[in-house]
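I opened the notebook today to look up a few things in this structure. My notes follow in the order in which I took them.

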Amino acid sequence: MIKINLFTLAWLGVTLNANSCDLCAVYRAEETKTEGGQGLIVSLAEQYIPYRTVQFEGNELQLANPDYVDSSVTHLVVGYDFSRRFGISLNVPFHHLKFRRTDLRYSLGAPAVLTTETGTESGVGDIALIGRMLLFERATTNSRLVANLLAGIKFPTGDTDRLADEVSQAEIYNTFVPPGTPHDPLGHSVTSVHQHSLTRGSGSFDGIFGITVNGRWKRGFLAGQFQYYLRTVGESDFQFGDEWIASGGPGVFLVSNSKMSFSAQANVIYDVMGRDEILGQRSDRTGMKALYLGPLLNLTVGQQFSANVGVDLPLRIENNGFQNVPDYRLQGGLSWRF
Amino acid sequence: MGSFLLVAGLMRAVAAAPKIDYIEVFLTNQVLIHFDTEANRTYELQYTETLVNGVPGGTWTNLFTAPNIPFPNHYIVVDTRLRPQRFYRLRATP
């Protein structure tokens, strides 16, 4: 009999902000789910995204010395399923960002100075606690349909110094602007890598919601998921835009027996990031819509171990303003069930 | 913004001459200098404190450089006003 994964779901990458796709790591951790229900799950997952493509309003630019960010986020997920119906996971992300950015630095008493900063940002990001509830499950000998609901909270545990600095720069610039003059709250900045793109934390308590649906018929399956990240006001009144992600696609079990399974899936991802709000004003230099396509491979061995790897290739990215966008998104993970 | 010139059926953008929009007093000892920039040009805001034959001249000093960026922008540059007089000009390349 073909082994069934409750969550044969896409590894969804992230856009360039403090969000580290908290649900993605949780999805993958569930790959080892057994028929029994109860159990501890530990997962280690990695997302690598080079943001080296510079775009202005959706059009790619060729610049002499472009800014960049190479983002690596490693997720440690510890989960526990109380039963087949209910489970909970703690997701701890570790960020490592390597970057270069050239931007103006403002002060009240002297002209702004153009500075280039090259370096790394490393450390724990915003920890998330996510619950799972089985909404629907129906199975026959050759088929199965499963739907799950995920919901959780992201806590402000990551460092927010860069957010605070970005807002303080916006405040200085605002004092220069005549009252009532319309301007972008990031009008002070000329870089394609803003400070909020390098922050490890948002300083906000955010809501995380997701629905996953997985249908199988014989060796074929169709997986789909929807995620929504509800952002609230965080550090220095900075508020990231809400984000929603819809993804899914068909797949096939290439190997499936009592000892192991190996599946391949074609995954389409549509990711919409809203505009961020700084000092109560939405910035037209933030937010984007992106469409990706890529393969996703998943291996399970017995009922205790699973591994996965996938890559998302951008088909179209429509960004607002001047921003770096992903060249591609690479992800992989290992999960153990005890 | 740039004006347009129709030449032999082709529309060619002509770069506008750099222009300081206005200068205003700021706080107790500063001024703010406002100007717009076009995409893909570098701007230098310079000042001099001397008059040559009644016209600002002599040595011009760079106060601020607006970098070459791929979109139009508006800059507000703060400067001190501790000297008896200071004249400003804006240069653009290319």
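Which residues have the most contacts inside the largest nonpolar core? Before answering, I noted that this is a predicted model. I found that the largest nonpolar core has 24 residues, and that Leu45(B) and Val77(B) are those with the most contacts inside it. I then looked up which elements each supply at least two residues of this core, and they are helix H2 (161–176) of chain A together with strand E4 (30–37), strand E5 (42–48), strand E8 (61–66) and strand E9 (73–80) of chain B. The largest share, five residues, comes from H2(A).

I next followed Val77(B) and set aside its neighbours within four places in sequence. What remained in contact with Val77(B) was Pro111(A) and Ala112(A) on one chain, and Ile33(B), Leu45(B), Leu63(B) and Phe64(B) on the other. I also recorded a second, separate core of 13 residues, which includes Tyr51(A), Val193(A), Leu198(A) and Met288(A).

I turned to the contact between the chains, to which chain A gives 13 residues and chain B gives 15 residues.

For chain A as a whole, I noted two helices and 18 strands. Of its 338 residues, 47% count as buried. Among the contacts in chain A with a separation of 6 or more, 70% are accounted for by residues 24 or more positions apart.

The peptide bond from Thr93(B) to Pro94(B) is cis, with omega near -10 degrees, and Pro94(B) lies in the segment after strand E10 (87–93) of chain B.

Where is Ser236(A) placed? I found Ser236(A) in the loop between strand E10 (220–230) and strand E11 (243–256) of chain A, and its phi is near 50 degrees, a positive value in a residue other than glycine. Ser236(A) counts as partly exposed because it has 17 C-beta neighbours inside 10 Å.

Leu27(B), which is not a glycine either, has a positive phi of about 50 degrees, and its place is in the loop between strand E3 (20–26) and E4 of chain B.

Key: Residues numbered from 1 in each chain as written. Chains lettered and ligands numbered in written order. Predicted model: local features only at pLDDT ≥ 70, side-chain atom pairs only at ≥ 80, totals over all residues. Contact = placed C-beta atoms within 7 Å. Core = buried A, V, L, I, M, F, W, Y, C linked by C-beta atoms within 7 Å. Buried ≥ 20, exposed ≤ 12 C-beta atoms within 10 Å, placed from the backbone. Helix = DSSP H or I, 4+ residues; strand = E, 2+ residues; numbered from the N terminus.
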